[in-house]
Amino acid sequence: MNAAFTLLTLISLVMLTVLSPQKAFPTLIEGVGGAVALAFKLVAVYAVWLSVLKMAEATGLDKKLSRGLRPLIRKLFKGESDDAYDHISVNLASNMLGMGGVATPAGIKAIGSMRSDGVRASDNMILLVVINATSIQLIPAAVIAIRAANGSADAADIFLPTFISTAVSTLSGILICKTLSLKDKHNKNDISYDLNSIVKPDFCKKFKYGRNDK
Amino acid sequence: MSVYILPVLLILLIVYCAVKRVKVYDCFLAGARDSLSLVKNIFPYIAAIFICIEAFKASGLAQALADVLQKPLSYLGIPSELAQLIALVPLSGNGTIALLESIIKDCGPDSYPARCAAVISGATETIFYIAAVYFSSSSVKKLRYAIPVSLFCTLMGAVVACALCRVM
C-alpha cells in the first residue's frame, strides 16, 4: 500500500505541478475535506449498523447461522478437527453478515487450527481464503446507507444483484479450488499430512481484534 | 419491493430482541459508541486515499487511465468509470468506500455506473489484507493459488454485477 500510495500521489502531483501549479495544494486540502465529510456520514451509518449487529450478537443469531452452516462446512473442508470446524463456521457466518471485526480473529484461529503441510498452504486453507475473499453478502448495509445518504431513490435495490454476484463468485471459487486440489493430489502422494497434524500451536492467546480492513 | 427489505428486517430483529429479552437500548448505546471509535480508527486511511484520489483526478491521470481501460472493460460490460474502483477493491476497504462515494457524487446515486460501483463495493473483500492477516500467526508462507483464484473470482463477480445492474 505504501509503495502504491507514494507512486500514485507523486506522479499525480508532478502532473499537477506541470499543468496547473496553482491547483496543486488546494487539491490536497479538498481531498481531506471530502474525507471529513465522508467520516461524519460513516459515523451515522455505522452507529445504526453496529447497533443492529450488537442485537444480532446478543440474541445469538450469528451463532444460529454458524450452526446452520456446519453440515455444509464439514462437506467442503474434509478432514479437519471439530475445533477447526467451529472457527471456520464462525468466520464464514460473520463474514456473510458483514461483521468483519468478528470474522478476522475467527479466520486467524481457523487457519491456526487447520492441518498444515508446513510452509505450503493446504487446499483447505486456500479454500477458506477464497470463500472469504468472495464471500456471499446477505446485507450490504454500509453501501446501502451511503447510497441513501447521497439521495438515492431506492437505496436498497442493489440488494439482489449483490447477493447473486457474490453467490456466483463464491461458487466459482469453490469449483476452481476443488478442481485445482484434485489435480494436485494426482501429482504427489502426500504422507506429510499425518506428521504435521500432530503439531498444533496455540493461537488463541495471540489474536487481536480488528476490522476486516486496512 | 426492495424498499421494504431493511426496515422489515430491522422490525423483525427488534421484535426478536424483545422476545429474547435482549436490551435494545443498550445495544444502540454500544453501537453508537463503537461507531465513533471505528471511524476514528479508519479516518487516516480515508484521508490518505481521498488525497490520492483527488490528486489523481485533478491531474487528469484518472481520465487517461479510464481512456486506456475503456476498451478491455467494455468487452466485459464494465463501465469505464469503475476502472479505479476495480483496481482498488482488493487492496483497501476504506479506499473502496471513499471511491464509491466520489463515483456516486460524480454520476448521480441512481445512475448505471454508480449502481454497478455500489454492487461491486458491497460484493468484494480486501483480498490481500485477508490473505496477509489470516496467515499472520501461522507458519504457512506459500499461499500457492489462493490469491490468483480469489482475484479471478472477484473480477468475475464484478462482471456479473454489471450485467445484473442492467436488468435489475
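Let me start with one term: a residue is buried if 20 or more other C-beta atoms lie within 10 Å of its own. Keep in mind that this is a predicted model.

First stop, helix H4 of chain A, residues 82-96. Which of its residues are buried? In H4(A) they are A:Ala84, then A:His87, A:Ile88, A:Ser89, A:Val90, A:Asn91, A:Leu92, A:Ala93, A:Ser94, A:Asn95 and A:Met96. That makes 11 of the 15 residues, so H4(A) is largely enclosed by the rest of the structure.

Now its length. At 1.5 Å a residue, H4(A) should span 21 Å. Its end C-alpha atoms are 21 Å apart, which agrees. Just after the helix comes A:Gly98, with a positive phi of about 80 degrees.

Over to chain B. Find B:Ile120 in helix H6, residues 112-123. Is B:Ile120 buried or exposed? It is buried, because 29 other C-beta atoms lie within 10 Å. Leaving aside neighbours within four places in sequence, B:Ile120 is in contact with B:Leu82, B:Leu85, B:Val89, B:Ala158 and B:Ala161. Look also at B:Gly157. B:Ile120 and B:Gly157 are 37 residues apart in sequence, yet 7.8 Å apart in space, C-alpha to C-alpha.

Last, where the chains meet. The contact takes 85 residues from chain B and 85 residues from chain A. On the chain B side, H1, H2, H5, H6, H7 and H8 each supply at least two residues. Which helix gives the most? H2(B) does, with 23 residues. By type, the side of chain B that touches chain A divides into 56 nonpolar, 18 polar and 11 charged residues.

Methods. Residues numbered from 1 in each chain as written. Chains lettered and ligands numbered in written order. Predicted model: local features only at pLDDT ≥ 70, side-chain atom pairs only at ≥ 80, totals over all residues. Helix = DSSP H or I, 4+ residues; strand = E, 2+ residues; numbered from the N terminus. Expected span 1.5 Å × (residues − 1). Buried ≥ 20, exposed ≤ 12 C-beta atoms within 10 Å, placed from the backbone. Contact = placed C-beta atoms within 7 Å. Nonpolar A, V, L, I, M, F, W, Y, C, P; charged D, E, K, R; others polar.
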